[in-house]
Amino acid sequence: MTRTSAIDTASAYFDDGRFQTELADLVVYETESQNPEQASELVRYLDQAMTAQLNGMGFSCRIHPNPVDGAGPILVAERHEGDDLPTILTYGHGDVTRAQTDQWRAGLHPFRLTEEGDRLYGRGSADNKGQHLINLAALDAVMQVRGCLGFNCRVVIETGEETGSPGLAEFFAAHRDDLAADVLIASDGPRLQAGTPTMFMGSRGAVTFDLVVELREGAHHSGNWGGLLADPAMILAQALATITDKRGQIRIPQWRPDSLTADVRAALRGLPVAGGDGPAIDEDWGEESLTPAERAFGWNSFAILAMKSGVPEAPVNAISGHARATCQLRYVVGTEAEDILPALRRHLDAHGFGMVKIALQGKGVFAATRLAPDHPWVRFVAASLEETSERAPHILPNLAGSLPNDVFADILELPTVWVPHSYRGCSQHAPNEHVLKPLCRDALRLMAGLFWDIGAGNAPR
């Protein structure tokens, strides 16, 4: 009954093929939360896949309807071992982004797990079915060796993360007592480098909105009307150009955070951002005075996600009557979320673009969260991961992307520690999504070691 035995048990689960088999069983559920026609699959995933696995591990399970009409259900599971023991809350989401089936390359299908070398392809393999499967399997490995966890555990599996987690905040507010815990330990997102464990303690917030210029009905011949009719696309392009300078540095004062403090800079110092997986970064893009790590994890970034005027697929000689750009601000703690769009309105008006309308996208606003890098739970998790992997983990104050971490940090008032089990080149949200087999095996070992350590009686209280 040793820590090593628990880690070896987790390794054997991977080596004998059970991980791959069980992941394949999860991937076949077509849980596209962005597709209303797949609503029944969200229920089936919780009822058939998750409940069966958790019941087999000694958890009691209950599937709750979402407080938002039409949104996916939420599963809450609990294993209680003692009133005097710490309680760990963990989380995952069973929904996936749209399949994009026709865009996957030959031989692959989003809802069939396919092995190619060190890669396992399938929608949800990285985001997030593979990640919460790893954590549940690591919990099971500890129980097989110890006979118990040595702590209480609560599990939340939602089915709406890919649509902005509708209803999750309301559900948590109504079930605070049922979800009380000492810490959230969960997994989503990518490691900084595939071979080194990563931790993050929050996420950047996000607000997605459209900028719209609507001047008239229909389009008009560019020869007959050029020079006489204002061009919505040109107006919109000029308005967008006032938001940043030519290297993407934000010009709206209220969008420039004040939270890149010395301790955050110290935590980010030396973290690898360039190189490795994904495209080469542009060193001369973004806030000039900051390092790439500070730009990605300690600062705000503005992006234009899509633009349209006229018919780009088949342009004609006409001046369109309207133009639209879908934009997004990723923002860190220290940015006043409620003032993001009002500040933009003031900025556009001050630059003479009162005709540019702002329309909040349906997903609304994700809040920004962050836990201090020296928090006791951060130190505890980091020490455990380092003991297992024999290398110091990369520690981020917050993820560059966005998660519903605020429901844990603000509503349940928990310290939050995320240990991701994917990597930046996993094609998350894109065709050909996959996980790396060596990384999954490593993650199983890390989490078995971590859960063993929590049950050993030395966890922060």
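Are Tyr91 and Trp418 buried or exposed? Both Tyr91 and Trp418 are buried, where buried means under 20% relative accessible area, exposed over 50% and partly exposed in between, with a 1.4 Å probe and protein chains only. This is a predicted model, in which local features need pLDDT of at least 70 and side-chain atom pairs count only at pLDDT 80 or more, while totals for chains, interfaces and linings use all residues. Residues are numbered from 1 along each chain as its sequence is written, and side-chain values use heavy atoms, with hydrogens and water left out.

A search of the whole structure finds 13 aromatic pairs (rings of Phe, Tyr and Trp, the last by its six-membered ring, with centres within 6.5 Å; planes under 30 degrees apart count as stacked, over 60 as edge-to-face and the rest as tilted). One of them joins Tyr91 and Trp418 edge-to-face, at 5.9 Å centre to centre and with 75 degrees between the planes. Because Tyr91 lies in strand E3 (residues 87-93) and Trp418 in strand E17 (residues 416-418), this pair ties together parts that are 327 residues apart in sequence; helices (H or I, at least four residues) and strands (E, at least two) are DSSP runs, numbered from the N terminus.

Phe172 and Phe408 also form an edge-to-face pair, at 5.2 Å centre to centre and 75 degrees between the planes. Phe172 belongs to helix H5 (residues 168-174) and Phe408 to helix H12 (residues 406-411), so the pair ties together parts 236 residues apart in sequence. Phe172 is buried, with a relative accessible area of 0%, and Phe408 is buried, with a relative accessible area of 0%. Ring pairs link Tyr91, Phe171, Phe172, Phe200, Phe408 and Trp418 into a cluster.

The charged end of Arg146 sits over the ring of Trp452, 3.8 Å from its centre (NZ of Lys or CZ of Arg within 6 Å of the ring centre and within 35 degrees of the ring normal).
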